[in-house]
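The entries follow the order in which I looked things up.

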Amino acid sequence: MKKSFGLIFLLFIYSASTVAQSTVNFKNDELKWTMNHPKGFKVYNGEEWLAAQNLPPNEDPKQSKILVVFQKDNANYAEFSTRLFDPIIDGDYDKALAKVNGLLYETLHGQMVGAAIETEQKTVTVGGLNFNLFILSIKYPSAQVITIEIYSRLFENNQELTASILYALPEQGELMRAAFLGSVFGE
């Protein structure tokens, strides 16, 4: 009886440690934000991601700073970044965001000859906070669809958090979306 109890106890400890190790958490103290990464994705911090893309480090404090990226492959990844939003330079946040979304659409529309691009804008709740969501669905003549979901929010310290999720496979998009929507803010 003692041996079987000991074996059960060891199996319990092993399974508990396996579960604890299967999810990697991301934490950002400035935004009081935590998020779990989806299983099976490679995780990069900002510096690692820039190096993997053969890009120089971003040292300009006025530019976006990549916090974390998780990637399944080149057509399925999510990038999370912050930037300082200056209302004196950038103006009203909602108007500036609409302008950026419009420029993104126009740029993609001009570059993706023959592709149909559908857009949708709405507000969603993530971790108890409202985020602006801009979705672009790019449908190529070959019937391939690439979807880009961009979640944006301005925090009280004028830090804008942007979550950009790009996917060709809807099931991969769902994993990344679920990870972000499961974020916790304020702890």
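This is a predicted model: local features need pLDDT of at least 70, side-chain atom pairs count only at pLDDT 80 or more; totals for chains, interfaces and linings use all residues.

Entry 1, the sheet. I looked up the strand order and found an open sheet of seven strands, β3-β4-β5-β9-β8-β7-β6, with antiparallel pairing. β3 (42-45) and β6 (116-126) stand at the edges with a single partner strand each, so one side of each has no neighbour in the sheet. Neighbouring strands here are turned by 15° against each other on average, direction ignored. Two strands pair if DSSP finds at least two bridges between them. Strands (E, at least two residues) and helices (H or I, at least four) are DSSP runs, numbered from the N terminus.

Residues are numbered from 1 along each chain as its sequence is written, and side-chain values use heavy atoms, with hydrogens and water left out.

I checked both partners of β8 (residues 145-154). Eight bridges join β7 (residues 129-139) to β8, and the two run antiparallel. Eight bridges also join β8 to β9, again antiparallel. Ile150 in β8 stands opposite Phe134, and the bridge partner of Ile150 in β9 is Ser164. Seven of the ten residues of β8 are buried, which leaves the strand mostly covered; buried means under 20% relative accessible area (1.4 Å probe, protein chains only).

Entry 4, the turns. I found five residues between β7 and β8 in their hairpin, with Ala143 in the turn at a positive phi of about 80°. The hairpin of β8 and β9 has four residues between its strands, and Asn158 in that turn has a positive phi of about 65°.

Which strands does α4 lie across? Helix α4 (residues 93-111) lies across β6, β7, β8 and β9 (159-167), at about 15° to β7. I then found α5 across β4 (65-73), β5 (76-84), β6, β7, β8 and β9, at about 160° to β9. Contact means heavy atoms within 4.5 Å; axes are lines fitted to C-alpha atoms, for helices over the stretch in contact, and angles run from 0 to 180 degrees between N-to-C directions.

I listed its buried residues as Gln172, Gly173, Met176, Arg177, Ala179 and Phe180. They lie on the same side of α5 because they cover an arc of only 155° around the axis, taken from the directions from the helix axis to the C-beta atoms.

Note on methods. Buried means under 20% relative accessible area, exposed over 50%, partly exposed in between (1.4 Å probe, protein chains only).
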